[in-house]
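Let's take a walk through this model together, one stop at a time.

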Amino acid sequence: MRILFVGDDVVFPADLVELVGDMGEDWDVRRCGDGGSAMALVADTEVDVVLVPPTLPDMPAATLLGQIRTLRPSTSRMAVIENSATPPARIIGLAHRFLPAPVAPELLLESVGSLEELRDLVDNPQLREGIGRVEQLPSPPQLYLRLMHALENDEDTSAADIAGLVAADPAIAAKVLQLCNSAFFSSGRTVTDLRAAVTRLGIATLRDLVLASEVFALPAPAGVDRNALQQRALVASRLAKRMLPESSAELGATAALLADIGLLLPGVRDEREPVAEGDTRPGHTEAGAYLLGLWGLPMPIIEAVAFHRRPSRSASRSFWVTGATHVAMALASGEEPDLEYLQRCNVLSRLDDWRAQAELMLDSATA
């Protein structure tokens with residue numbers, strides 16, 4: 001994998017660049033000091049991953065990212081930003097992933113390593129190039145990532161802290177409260193503020209509502225019903241969570257919530273429909289998995305999204321996140337799960353119970 005660092009030792013110290021070069025057996029690491037030399041190299045050589053600092057001596061970082069998108073759309077673009085809550089608006093949509101400065105070695109290695117795993121999982125150059133060319137590629141859900149960071153790094157994070165984070169984005173806060181007060185979640189009781197929502201629903205559920213609010217606010221291609229997509233995702237998320245042990249329930253819930261995110265991307269084929277002759281567009285499950293990989297979500301979620309319609313293709317031989325996502329999405333969509341797969345995983349006997357739970361959830365969602 002070819003990795004290009006752009007910038008001087010201030011953002012990318014020499015020992016950090018050397019560390020990356022030493023860690024991956026097949027990692028070819030290069031550095032350019034400015035945007036002009038980086039553009040010359042990218043024009044002449046394919047690059048798999050490029051890392052761009054907040055500022056360059058000869059051009060704005062956004063200009064370089066945009067030119068790389070045009071010349072090498074399959075290149076994964078990572079931008080280093082000042083350690084603030086939100087990336088600058090001018091690079092949102094140009095970068096696939098953001099790293100805070102100063103760049104922590106462990107975070108950098110994890111990010112580059114996960115992109116290599118993603119390329120192994122989604123080995124489709126046409127898809128990588130097609131997604132890379134999208135001019136308004138959805139950026140990672142920033143509020144959701146801030147919530148995850150707060151919960152992972154501070155065990156004492158309170159309901160008030162979580163409510164404060166959500167309230168900082170009024171549009172998302174309003175959408176979260178709207179979802180909280182739907183029949184699916186409210187049980188007839190009105191939720192009037194975010195702190196009450198955290199207390200009543202729990203942090204995990206509120207976090208999923210934030211993610212749903214951000215993701216399903218994305219512009220949708222013609223013919224895609226975002227509201228129906230969101231409702232199905234919320235049902236599937238709750239159902240998948242109940243199918244798994246506590247240790248992996250949150251992974252399953254998030255994977256099911258995002259399983260059909262590829263339908264929101266332009267130029268993809270809806271795999272729920274028969275394939276038309278001559279249609280070479282990538283399927284929405286593979287496209288969605290690739291997008292989530294660019295965002296840096298955990299590999300079990302990416303794999304579940306990629307294979308939830310064909311779970312037998314998954315590398316996992318047990319009923320885990322991929323299996324739960326497959327069953328949850330099928331039942332939430334009124335489809336029949338893969339019975340042969342469930343039999344092979346020794347969970348077919350549980351299908352009637354899962355089906356009954358899904359019917360109750362669907363009734364609540366449409367009440």
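Start with Arg195, which counts as exposed because its relative accessibility is 51%, and the cut-off for exposed is over 50%. Keep in mind that what you are looking at is a predicted model. You'll find Arg195 in helix H10, which spans residues 194–201. Setting aside neighbours within four places in sequence, Arg195 is in contact with Ala159, Ala160 and Ala163.

Now for some strands. Which residues of strand E3 point one way, and which the other? In E3 (residues 49–52), Val49 and Leu51 point one way while Val50 and Val52 point the other way, and all of them are buried. With E1, E3 runs parallel, and three bridges join the two; here Leu4 stands opposite Val50. With strand E4 (residues 76–81), E3 again pairs in the parallel sense, over four bridges. Look for Leu51 there, whose bridge partner in E4 is Met78. To get from E3 to E4 the chain passes through helix H3 (residues 61–71), a β-α-β crossover that is right-handed.

Next, the charges. Side chains of opposite charge can pair when their charged atoms come close. How many salt bridges does a search of the whole structure find? The count is 13. One of them brings the side chains of Asp9 and Arg31 together at 3.2 Å, N to O. This pair links distant parts of the chain, 22 residues apart: Asp9 belongs to the loop between strand E1 (2–6) and helix H1 (14–23), and Arg31 to strand E2 (residues 28–32). Asp9 is partly exposed, with a relative accessible area of 47%, and Arg31 is partly exposed as well, at 30%.

Another salt bridge joins the side chains of Arg355 and Glu336, at 3.4 Å, N to O. Arg355 lies in helix H18 (residues 351–366) and Glu336 in the loop between H16 and helix H17 (339–344), so this pair ties together parts that are 19 residues apart in sequence. Arg355 counts as partly exposed because its relative accessibility is 25%, and Glu336 is partly exposed with a relative accessible area of 47%. Asp279 and Arg281 give you one more salt bridge between side chains, at 2.8 Å, N to O; Arg281 is partly exposed, at 41% relative accessibility. There is also a network of salt bridges, which links Arg2, Glu46, Asp48 and Arg119.

From here, move to helix H15. Is H15 mostly covered or mostly uncovered? Mostly covered: eight of its nine residues are buried. Those buried residues are Met299, Ile301, Ile302, Glu303, Ala304, Val305, Ala306 and Phe307. What do they pack against? The partners are helix H4 (105–121), H13, H14 and H16.

Ser314 sits in the loop between helix H15 (299–307) and helix H16 (321–332). Why does Ser314 count as buried? Its relative accessibility is 1%, and buried means under 20%. Beyond its neighbours within four places in sequence, Ser314 is in contact with Glu303, Phe307 and Thr322.

The last stop is Asp260, in the loop between helix H13 (246–258) and helix H14 (284–295). Asp260 is buried, with a relative accessible area of 6%. Its side chain makes a polar contact with the side chain of Arg232, at 3.2 Å. Leaving out neighbours within four places in sequence, the residues in contact with Asp260 are Leu229, Arg232, His284, His308 and Met329.

Definitions and conventions:
Residues are numbered from 1 along each chain as its sequence is written. This is a predicted model: local features need pLDDT of at least 70, side-chain atom pairs count only at pLDDT 80 or more; totals for chains, interfaces and linings use all residues. Side-chain values use heavy atoms; hydrogens and water are left out. Buried means under 20% relative accessible area, exposed over 50%, partly exposed in between (1.4 Å probe, protein chains only). Contact means heavy atoms within 4.5 Å. A polar contact is a pair of N or O atoms within 3.5 Å; within protein, one must be able to donate a hydrogen and the other to accept it, and residues adjacent in sequence count only if both atoms are side-chain atoms. A salt bridge is a side-chain nitrogen of Lys or Arg within 4 Å of a carboxyl oxygen of Asp or Glu. Two strands pair if DSSP finds at least two bridges between them. A crossover is right-handed if, with the strands pointing away from the viewer, the path from the first strand over the helix to the second runs clockwise.
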